[in-house]
Structures are given as C-alpha cells and as structure tokens.
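User: I am new to this structure and would like to learn how to read it step by step. Could you walk me through it?

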Amino acid sequence: MRRYRLMIPGPVEVDPDVLTHMSDPLTAHYGERWIGILNETKANLRAIFRTSGDVFVVVGSGNTGTDMVINSLFDEGDHVLALDNGYFGHRLGEVAESHGLRVTWLTKRWGSPFRPADIDAAVAGAPDLKAVLVVHGETSTGVANPVHDLAQAARKHDLLVVVDGIASLGGEPFEMDAWGVDVCVTASQKALESPPGLALIAINSRAWQAIDRCQGHRGWVGNLQTWRRFASEQADYHPHPGTIPVNNVVALRSSTRLILDEGLEARWERHARIARVVRSGMRAMGLAVMADEDVACANLTVIESAGLFNPGALVEFLKAEYGIHIAQGIREWFDKAVRIGHMGPNASLGAIVPLLVGVEHFLRQSGHRVERGSCLAGLT
Ligand SMILES: Cc1ncc(COP(=O)(O)O)c(C=O)c1O
C-alpha cells in the first residue's frame, strides 16, 4: 500500500519513537508499573492543558469525550448555549440535544468567529442558561474562536465554559485555568501527535460542583462520576473503569514528553509561524483562505476553491505526484474547499514547502497564471 504524508486535519503524522510503542509488548492496565505510566501521562496532559484540575484518559475518540462531558455535567432540560459557526460547533449542540438539553443555537456563517458581545446578547434573552459550548479550533473552517475572550464573557454571566479543544490543544495557545475554562475535551490524534483512540478530558472544581448538583445521573462508563470514583478509590491500582488500551497511553506519554521537551510557548510559535507561511503562500497564488488572519487556526488551514479549482482533483494530484494527503471540505464545502493539517511534525518547512509547491504545480498545470515561486511568498 502506498504511504502518504498525512496532512489531513488529524490524525497527523506520528513521530517514529511514538509510533513504535504501539507494538510494545503489552503491560497490565493496573498495578504499580501501569500507575507510573498513567500518572506521568496525566501530569504531562495537565501541563499541556495548563490546568491544575483533573484529567481523565478515556477510551474512544474526541466525540466520546464530548458525549461523556455533556452526559455528566447537565440534567435533562438544562439550558445551554451552542456556538455554531462550523460543523463541529453544530456537533456540540447536537450532542447536547441528544441528552435532552434545551439548546439555544447561536449561529454564524462558517468562517465567522464568535465575539464576547454575542454571548452578552444571548444571555440577555435567556437568564436560565447554564453553560456555553464552544469549539476552539474549528476544523471545518480553520477559524480559532477566541476562547479566552468568550470564556471571560461567559464567566461574567456565571456560565460554565465547555470547550472542544480537539483540533487545537498542543498547537494553538490555550490556558485552561487562566482563561476560566471549566471543561476541555481533546483527542490523542491531532496536535498531541499520537495515534487515534484516546479522548482526554480536563475538568475543574467548578464543573465538579455542577456535576454534584445534578439530579438524574445517567449511564456508568459514560458518566464522569464513575471515573472520579475509580480515580479516588483505586488511585494506586486500577484508577479507571474498564481496560484502557495501554499501548495508546504509552505512545501518548511519549508524544507528550516530546511536546513538553520542546516547550509549549516554542511549540505555539512554531505552529503559528508555519501557518502564516501556508496562508501567505496560498494568498500569493490567488487562493482564498476561509479564516481571517486574526482568527486563523495555527494547526490547520481551509482554502476555498471559489470556482478556481476542483478540490477533489487537487487532493488526488497531491497524493499521486507529491505523496501528500490533504482533505476536502466538510459537508456543503466538500466540493468547494480543501483542508490542510499542519500540526505536530507537519508544522515544519519540510512538510509545508512540498505541499505549497504541489498546489502551485497543480494550479499552473490546470491553466492558471500563477507566478512561479509565489507559493513561497511567506518565506521572505
Ligand atoms: C474540532 C473537532 N471536534 C470534534 C471532532 C471529532 O473528534 P473525533 O473524530 O476524535 O471523535 C473533530 C474531528 O475531526 C474535530 O476536529
């Protein structure tokens, strides 16, 4: 099978030293050795979330984490605000509705970020709101909602702040405690540079108080109360309900070590710099970046085709000629956009220069008048 450099917005390329742990001999998911592995992984994650709160390592993908959080944090009929400016913002509201919550949808055009005033206006019409649900890095558009500002606005109205950091954590600046975020969910396979299979949930004491106030708790393994009980009663032996995929955790321990060795600030800066080179190159070739510069994601970029090129043809060209796999748009943007993940090992010139050259090559060979070398405009 031909191997492509994975530049979709997750899963991403995984360092060979991380990947190799997937074939380590199995170890027990309990006992002293395991506790050492899990506790170091959680400590690393706490440092990456920038929180002193609790972190849970859960079997499943990012959606599993979101589903568990919403299941645990609210009672049926509770009222929440879903910030819907993309496919995954909509997903948060959908998950909330599936648990019987009353959802007020705040909807914006894909590509347009939310602002604190949007929350102020929504709260004015709905005094019983309990929480705001927001995506940080919106993978369908390449917009990073300004979570810091939104969280401040939500806190002013005493709302809980629940953040989907699935596509952002580890590449995009994020400070859970300092920003006033109560719960953040992420997944192993994006900027944490590990194989898919784990959801990571960070939760603070304010969110635990909300959980403790809930009347009707549902489910067992999908309920964070069960996870808290195991973490406390079996802290030194088997601190989670059920069997955890140990190799995934060992791999995640290894990738989080790499992340912390690099240093979070240095890493955020590397991702931001590479993202700027991608956006500058795309614009210099006459292409439209969906996100405005001040709210563009550091981890991924979405390019609108605007009738200039066929996204499916570009994806196939890059695979065939450059061995690079990028993604088409999501839902109604499937045939109108491409999505490029440039996080983790792909946040490097070694990854993005061939990508940009490939896009320019494709445009020129499709008959567009693109000045040779313009794809590298961001390098100057
Ligand atoms: C922002 C965002 N939220 C949620 C998800 C869903 O995560 P998962 O596929 O890990 O369940 C994704 C996946 O691409 C995402 O990018």
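User: Let's start with a single residue. Where is the place of I70?

Analyst: In this predicted model, I70 sits in helix α3 (residues 62-73).

User: Is I70 buried or exposed?

Analyst: The general idea first: in soluble globular proteins, nonpolar side chains tend to be buried together. Here, I70 has 24 C-beta neighbours inside 10 Å, so this residue counts as buried.

User: Which residues does I70 touch, leaving aside those up to four places away in sequence?

Analyst: I70 touches V95, A96 and H99. Take H99 as an example of how the fold brings parts of the chain together: I70 and H99 are 29 residues apart along the chain, and 7.4 Å separate their C-alpha atoms.

User: Thanks! How far can I trust such details?

Analyst: Where pLDDT is low, the predicted coordinates should not be read in detail. For this protein the mean pLDDT is 97, and 100% of the residues reach 70 or more. Confidence is lowest in helix α5 (residues 116-124), with a mean of 96, and highest in strand β9 (residues 183-187), at 99.

User: Now the strands, please. In which sense do β3 and β4 pair?

Analyst: As a rule, strands of a sheet pair through backbone hydrogen bonds, either parallel or antiparallel. Strand β3 (residues 79-84) and strand β4 (residues 102-107) pair in the parallel sense, over six bridges. The chain gets from β3 to β4 through helix α4 (residues 87-98), and this β-α-β crossover is right-handed. To find the pairing on screen, look for H79, which stands opposite R102 in β4.

User: How many bridges join β3 to β5?

Analyst: Four bridges join them, and the two strands run parallel. A82 stands opposite L133 in β5. Strand β5 also pairs with strand β8 (residues 160-164), in the parallel sense and over five bridges. L133 has V162 as its bridge partner in β8.

User: Why is β5 described as largely enclosed by the rest of the structure?

Analyst: Strand β5 (residues 129-135) is largely enclosed because six of its seven residues are buried.

User: Which residues touch the most other members of the largest nonpolar core?

Analyst: V132, L133, V183 and I201 do, in a core of 115 residues. Helix α13 (residues 349-365) supplies the largest share of this core, seven residues. The core draws at least three residues from each of domain 1 and domain 2. For a closer look at V183, set aside residues up to four places away in sequence: its contacts include V69, L73, V162 and A207.

User: You mentioned domains. How is the protein divided?

Analyst: There is domain 1 (5-10 + 264-379) and domain 2 (16-260). Their centres, taken over C-alpha atoms, are separated by 28 Å. Where they meet, 24 residues of domain 1 are in contact with 22 residues of domain 2. On the domain 1 side, the elements giving two or more residues are α11 (264-284) and β12. Helix α11 gives the most, with four residues.

Methods
Residues numbered from 1 in each chain as written. Predicted model: local features only at pLDDT ≥ 70, side-chain atom pairs only at ≥ 80, totals over all residues. pLDDT = per-residue confidence, 0-100. Pairing = 2+ DSSP bridges. Right-handed = clockwise from strand over helix to strand, strands pointing away. Core = buried A, V, L, I, M, F, W, Y, C linked by C-beta atoms within 7 Å. Buried ≥ 20, exposed ≤ 12 C-beta atoms within 10 Å, placed from the backbone. Domains from an automatic or database assignment. Contact = placed C-beta atoms within 7 Å.
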